[in-house]
Number of protein chains: 2
Amino acid sequence: MSLYSEIVEQPERIKSLLASQKKNVEQIAAEIQKRDVQYVFLAARGTSDNAGRYANYLLGAFNGLPLALATPSLFTYYKRPPKLKNALVIGISQSGQSPDIVSVLEEGRKQNCLTLAITNEAKSPLAKAADFLLDIQAGKEKAVAATKTYTTELMCIAMLSTALSDNKARWAELAEIPRWMKSVLKHDSKISQTAERYRYMDQTVVLGRGFNYATAFEWALKLKELAYVKAEPYSSADFQHGPIAMLESGFPVLAVAPKGKVFESMYEMLKRLHKEISAELVVISNDKKALSLASLPLTIPAEVPEWLSPLVCILPAQMFAYHLTQAKGYNTEHPRSIRKVTETK
Amino acid sequence: MSLYSEIVEQPERIKSLLASQKKNVEQIAAEIQKRDVQYVFLAARGTSDNAGRYANYLLGAFNGLPLALATPSLFTYYKRPPKLKNALVIGISQSGQSPDIVSVLEEGRKQNCLTLAITNEAKSPLAKAADFLLDIQAGKEKAVAATKTYTTELMCIAMLSTALSDNKARWAELAEIPRWMKSVLKHDSKISQTAERYRYMDQTVVLGRGFNYATAFEWALKLKELAYVKAEPYSSADFQHGPIAMLESGFPVLAVAPKGKVFESMYEMLKRLHKEISAELVVISNDKKALSLASLPLTIPAEVPEWLSPLVCILPAQMFAYHLTQAKGYNTEHPRSIRKVTETK
């Protein structure tokens, strides 16, 4: 099975990416620092858009860079691109093929912005449209649902943020990710056994906040693509502003709640869901009291720092989606109605 | 019923808002034009966040302004706000109370940005934190689910965009909105009669693109808050990148597809959903061929320009949510688990 082997090979891909791309990332960071970059303008779709959500928090928190997610239709259908003065324009796409993402980079270049492509295809239109290329080097991804290209995209963003802050301690933490990922892969048999419990789950919400807002989105996307579960992602804050009303007793809630600055707010929400609504909880965390609320607790190593936790937390989420797809009897390699490369304008 | 009367009073609220706030908006626009504003940084939650999505397209298309949606947790939990040089910082909140939105405005002011509050409460903390106030003047909103405060927020954004572009033809179009809204309110009995068909609908997806991406989000939010339907909003482009896989024959899809630049892309998606998946379609449009695909077609006036269509299209969506809530036997005034003012950090 390609999907399974692509999930399992992630620690090795991350390790080799760090080794081979560190210098390139440092050179790109040096060029960015020469310019008066005031914010990032980022274009992506699907899984790559979720990597963009990680960039939003990471570049904001560590590099002081606000981030605007591009609305590609302004460039394609409306033909009214905004003025991108002093923006760093980033495009993220596994295939580098999607015309709408390419058109954002082309416009950025036309407006004399610095442009950066993050892609798995060094010879793609996206790579050609950009001043700089960060090759995620994930190797051919055969399964339609993206897994290793998501974590390698996150890794590129984490490396770029680290290079921009020129911080040795952060580089050292990046080198630990493969080990943390491997330890999380050990949950495989537990998740495989428990997946049957969710055989008839057809809808769920996925909660995350801060750095792991991205993880909530990506977990939900895997469940939709692979297991055809109507899974909607939320920040715990937005969830309180309305959507919480739709939950009934026993409703399954998946949560990404590792230790860190937003943990207490996530934990308060989980306690409320547990106590007031008797929600069924699946929790990815390294905090015992959060895990103790869950029907299916998924532990990550205690020492994972919050800023890198999205690279580790997504692995049990991918495994959960994989095993649930098998329990439901669906095709893990070729989901219905979607293709690997989606060419949207 | 407060909710029903608040839906119905929208044409009058929009009319009086235009009359009373035009000068104020023009003064605010003049101040913005004195500064070297390079992008907009906007903070909001829930319904107001959906108004922010409209601003993203409108200020981009007509005013060349890129827009970044704030991630409030960077300001509150992480205490690492990004550098907001040359940003116009906007906060939108009905109550003006939410501490996280207020903290974004306070930080913007600290960093010497121009700050603007769009709120229904002129004496709220949000209004006090900002340089400029745009009072949406919706009157007291008693129902927990926001309706008239959404359209008046949209109207403030449309007026601001128009004032920044100093375009008389656009001001004239703004004056037509109350009339268009009134004509759409006439669908009430048709929607009321058809709502029973969706009595047992417990999940749906809502599609919109471009200016009406916001409408898709707001329609979905009303369905979640009021009728407890798991409704997930998508742009038709993102929907193709994965989520379409989860649809089975007969699945209900709600779509906002008025004539305009993105219409053809929406129509292609609707045809595909109709033909390949036999989806049940509810369509808001002024195009006959799009409406002909729908089990429940909801017509808006032919002459509504695309940029103002979100102010008109949301009315049948609100009525649909209202009547469905009644058909399901739920409380339209006080949905379970949520409050009118949600104070998130």
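Reader: Which residue has its backbone nitrogen 2.9 Å from a polar atom of the Asp135(A) side chain?

Author: A polar contact is a pair of N or O atoms within 3.5 Å; within protein, one must be able to donate a hydrogen and the other to accept it, and residues adjacent in sequence count only if both atoms are side-chain atoms. Here the backbone nitrogen belongs to Gln137(A). Keep in mind that this is a predicted model, where local features need pLDDT of at least 70 and side-chain atom pairs count only at pLDDT 80 or more, while totals for chains, interfaces and linings use all residues. Residues are numbered from 1 along each chain as its sequence is written, chains are lettered from A and ligands numbered from 1 in the order written, and side-chain values use heavy atoms, without hydrogens and water.

Reader: Is Asp135(A) buried or exposed?

Author: Buried means under 20% relative accessible area, exposed over 50%, and partly exposed in between (1.4 Å probe, protein chains only). Asp135(A) comes out at 16%, so it's buried. This residue sits in strand β5 of chain A, residues 132–135; strands are DSSP runs of E, at least two residues, and helices are runs of H or I, at least four, numbered from the N terminus.

Reader: And what is Asp135(A) in contact with, leaving aside neighbours within four places in sequence?

Author: Contact means heavy atoms within 4.5 Å. For Asp135(A), the list is Leu17(A), Gln21(A), Thr119(A), Asn120(A) and Ala122(A).

Reader: How many salt bridges are there between chain A and chain B?

Author: A salt bridge needs a side-chain nitrogen of Lys or Arg within 4 Å of a carboxyl oxygen of Asp or Glu. The count is four. Arg45(B) makes one with Asp238(A), with the closest N and O atoms 2.9 Å apart. Across the interface, 72 residues of chain A touch 72 of chain B.

Reader: Now rings: why is the pair of Tyr4(A) and Tyr322(A) called tilted?

Author: Rings of Phe, Tyr and Trp (its six-membered ring) pair if their centres lie within 6.5 Å; planes under 30 degrees apart are stacked, over 60 edge-to-face, and the rest tilted. The structure holds 25 aromatic pairs over all chains. In this one, the planes of Tyr4(A) and Tyr322(A) are at 45° and the centres 5.2 Å apart, so it's tilted. Tyr4(A) is partly exposed at 29%, while Tyr322(A) is buried at 5%.
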